[in-house]
Amino acid sequence: MEEFVKNTKSMHPTVFSALHTNCKEELDELYKSWAKRYDADVLNTIGYIGHIISTELLLKYLSATDARILDAGCGTGLVGEILERKGFDDVVGVDFSQSMLDQAGEKSIYRSLELGDLTQDFAFDDNTFDAIICAGTFTCGHVGPDALIEMVRVCKISGYISFTVREQEWDGAPYAEIIAKLEQDGRWHCIEQIYTDYILNEGVSCQLCLFQVC
Ligand SMILES: C[S@@+](CC[C@H](N)C(=O)[O-])C[C@H]1O[C@@H](n2cnc3c(N)ncnc32)[C@H](O)[C@@H]1O
């Protein structure tokens, strides 16, 4: 298989596979077999911090603990765990892997957990959420930048959207273009955008972004 992601030499084998699947069915199968080990692998082995940095950035600006928050690509609920500790109790998780949602469900921290594909139209009305977090899901072979357009649609005016984009995914897909178009169209504006550490033990960085919907 052609290696299209850099930093592969020291990469955890399951993470490597997750970034190199050929179709959604393969990715779903991968998460099905990984779901129970995911937290231990990403937290203890590779030093993933996407859930921490995206939540910390959002909570610099969002303090109302009754905010309705969408955790897009929630996986096993690492973002939800932080939000729960900070007192947020109206968090909706969406993910396309039922196995990952099952792990999140065991933690009993989400208001609801919904099976959904973020590469399709979201199953939410316009202006539904006060904030959206998407950690670790804008990554190679997962969800691309078009999902940002749907995030803006379902987020309320003045609501915040916090997300990470793995560096190789940022370089390979038109994130900068879609972000700029949303800005030109007056749909959102940038609060913070930082190039920062993302997977500590593999030397991988990400773009960490916080935008506010207009
Ligand atoms: C690397 S995990 C990140 C999970 C979690 N946000 C975290 O920070 O640990 C990526 C997640 O994206 C989900 N995913 C991949 N493609 C998706 C899609 N098209 N729609 C919704 N979720 C998707 C996977 O099932 C997985 O749970």
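This is a short tour of a predicted model, going from the whole chain to its sheet and then to its ligand.

**The whole chain.** Start with everything shown as a cartoon. The C-alpha trace spans about 45 × 40 × 30 Å along its principal axes. A compact globule of 214 residues would have a radius of gyration near 17 Å, and the 16 Å of this chain agrees with that. Buried residues account for 42% of the 214.

**The sheet.** Next, select the strands. They form an open sheet of seven, in the order β3-β2-β1-β4-β5-β7-β6, with mixed pairing. Go to the edges, where β3 (112–115) and β6 (188–199) stand; each has a single partner strand, so one side of each has no neighbour in the sheet. From one strand to the next, the twist averages 15°.

Zoom in on β2 (residues 91–95), which runs parallel to β3 and is joined to it by four bridges. Here Val92 stands opposite Ser112 in β3.

**The ligand.** Finally, select the ligand and the 21 residues around it, of which Gly73, Gly75, Phe96, Ser97 and Gly136 come nearest. Two or more shell residues come from each of α2 (24–45), α3 (50–61), α4 (78–85) and β4 (129–138). Which element gives the largest share? That is β4, with three residues. Colour the shell by type to see 10 nonpolar, nine polar and two charged residues.

Note on methods. Residues numbered from 1 in each chain as written. Predicted model: local features only at pLDDT ≥ 70, side-chain atom pairs only at ≥ 80, totals over all residues. Rg over C-alpha atoms; globule rule 2.2 N^0.38 Å. Buried ≥ 20, exposed ≤ 12 C-beta atoms within 10 Å, placed from the backbone. Near = placed C-beta within 6 Å. Nonpolar A, V, L, I, M, F, W, Y, C, P; charged D, E, K, R; others polar. Pairing = 2+ DSSP bridges. Axes fitted to C-alpha atoms, helices over the stretch in contact; angles between N-to-C directions.
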